[in-house]
Amino acid sequence: MDNSKYIIGIESSCDETAAAIVRNGRELVAASLATSIAVQREFGGVVPELASRAQLELILPVIEECLEKAQLQAEDIAAIAVTQGPGLIGSLLVGLTAAKALAFAWSKPLIGIHHLAGHVAANYLKYPDLEPPFLALIVSGGHSHLVLVHDYTDYELLAASRDDAVGEVYDKLARELGLAYPGGPVLDRLAAQGEARFNLPEASFTDSYDFSFSGLKTACLELYQKELRQKGSVQAVSDEFKADLAASFQSTVVSTLIERTAEVLEAYQLKKLVLAGGVAANQGLRKAAQERFSERYELYIPPLQFCTDNAAMIAAQAYYHYLEADFKELSLNAQNRLDLPRKKASSGCEA
């Protein structure tokens, strides 16, 4: 008898509209995704109202397409999973409303998923043997976290950014340099063409493992503004200067992330490290992690397709909540800020 559990996940926390079906938390069966990034690019960032309006139009076609790809019916689905938070509240509500409607119409359990836990779970789709405990470095547009994953549904936040997250700084610097949105991939490619010749600040704290990137952001912007004043116009600032600034910036970001991660791995005597989140797609970070950790630790880096927001990661994480019968009422509401799932006493940190 086949005891496979197929869970459909829905993700709409930012500007993506996604649905995916995952078997037993590890095997992607089908996925469908639509994005409004082309519209957002005109504004240099995500405009929440535009994102949620697009998602209202896209959510049902995306879900229907996913089911068609999987060749599955409602009776084949074990549960409906959806991102509950954190994220843009209007966007979250679109996905949550659709998920609740499906759960009611199909008489299926509803599972609310923390967006960052989903990013971690993206690795389960690539590495079927990966099991907790492990340390997760989660870096994205809104978060820079070091999380001790005790169990599939038990996360302890050890460190976070006290100001800008890594992805935010990438986007802000790219916008200042006149580069396209999203800034992360563009700056990553530009950095590979430059020389890290600028000495930039790297923040650290004596009382915690927390990150801080606001000083780095300010230093980069000041260097660019100084060059702009000297050259007299945006057009006169050379591509070489921009590439060198990008290389210096990325070198500092990666150094900070890698060194802090190494400290935590040592302090907590962990042997496994997982990268997660949109910035895990950064080639500089992936290369540095391989060089620093691959020989001494078990290193897990998600495929590029699972780094950015996707519904497969939501369905993958939901499987472990399903096993614990961690189901939600139809009164479940979206939350733009949400604690990571924690079974023991909370450390008091919030995502």
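This is a predicted model: local features need pLDDT of at least 70, side-chain atom pairs count only at pLDDT 80 or more; totals for chains, interfaces and linings use all residues.
**Backbone geometry**

- Most residues other than glycine have a negative phi, and most peptide bonds are trans.
- A further cis peptide bond runs from Y181 to P182, where omega is near -5°, and P182 belongs to the loop between α5 and α6.
- Q71, in the loop between α2 (48-70) and β4, is not a glycine and yet has a positive phi, near 55°; its relative accessibility is 70%, so Q71 counts as exposed.
- Q269 likewise has a positive phi, of about 50°, although it is not a glycine, and it is placed in the loop between α8 (239-267) and β9 (272-276); at 69% relative accessibility, Q269 also counts as exposed.

**The largest pocket**

- Of the 49 residues that line this pocket, those closest to its centre are C14, S140, G141, G142 and D171.
- Two or more lining residues come from each of the elements α4 (115-126), β7 (144-151), α5 (166-176) and α6 (183-191), and the largest share, 6 residues, is supplied by α5.
- Sorted by class, the lining of the largest pocket holds 17 nonpolar, 20 polar and 12 charged residues.

**The second largest pocket**

- The second largest pocket is lined by 16 residues, and Q84, G112, H321, K328 and P341 are the ones that lie nearest its centre.
- Strand β5 (residues 110-114) gives the largest share of this lining, 3 residues, and the lining as a whole is made up of 6 nonpolar, 5 polar and 5 charged residues.

**Aromatic pairs**

- A search of the whole structure finds 10 aromatic pairs, among them the edge-to-face pair of Y124 and Y152, whose rings are 5.4 Å apart centre to centre with 75° between the planes.
- Because Y124 lies in helix α4 and Y152 in the loop between β7 and β8 (154-160), this pair ties together parts that are 28 residues apart in sequence.
- Both partners fall under the 20% cut-off for buried residues: Y124 is buried with a relative accessible area of 0%, and Y152 is buried with a relative accessible area of 15%.
- The rings of Y127 and Y300 have their centres 4.9 Å apart and their planes at 80°, and the pair is therefore edge-to-face.
- This second pair links distant parts of the chain, with Y127 in the loop between α4 and β6 (134-139) and Y300 in strand β10 (residues 298-300), 173 residues apart; Y300 is buried, its relative accessible area being 11%.
- Ring pairs also join Y124, Y152, Y319 and Y320 into a cluster.

**E324 and its contacts**

- E324, which lies in the segment after α10 (312-323), is partly exposed, with a relative accessible area of 41%.
- When neighbours within four places in sequence are left aside, E324 is in contact with T153 and K343.
- The side chains of E324 and T153 are joined by a polar contact of 2.9 Å, although these two residues are 171 residues apart in sequence, and their C-alpha atoms are 9.1 Å apart in space.

Methods. Residues are numbered from 1 along each chain as its sequence is written. Side-chain values use heavy atoms; hydrogens and water are left out. On a 1 Å grid over the protein atoms alone, a cavity is a set of points where a 1.4 Å probe fits but cannot get out, and a pocket is an open set with protein on both sides within 12 Å along at least five of seven lines; lining residues have an atom within 4 Å of a point. Helices (H or I, at least four residues) and strands (E, at least two) are DSSP runs, numbered from the N terminus. Ala, Val, Leu, Ile, Met, Phe, Trp, Tyr, Cys and Pro count as nonpolar, Asp, Glu, Lys and Arg as charged, and the others, Gly among them, as polar. Buried means under 20% relative accessible area, exposed over 50%, partly exposed in between (1.4 Å probe, protein chains only). Contact means heavy atoms within 4.5 Å. A polar contact is a pair of N or O atoms within 3.5 Å; within protein, one must be able to donate a hydrogen and the other to accept it, and residues adjacent in sequence count only if both atoms are side-chain atoms. Rings of Phe, Tyr and Trp (its six-membered ring) pair if their centres lie within 6.5 Å; planes under 30 degrees apart count as stacked, over 60 as edge-to-face and the rest as tilted.
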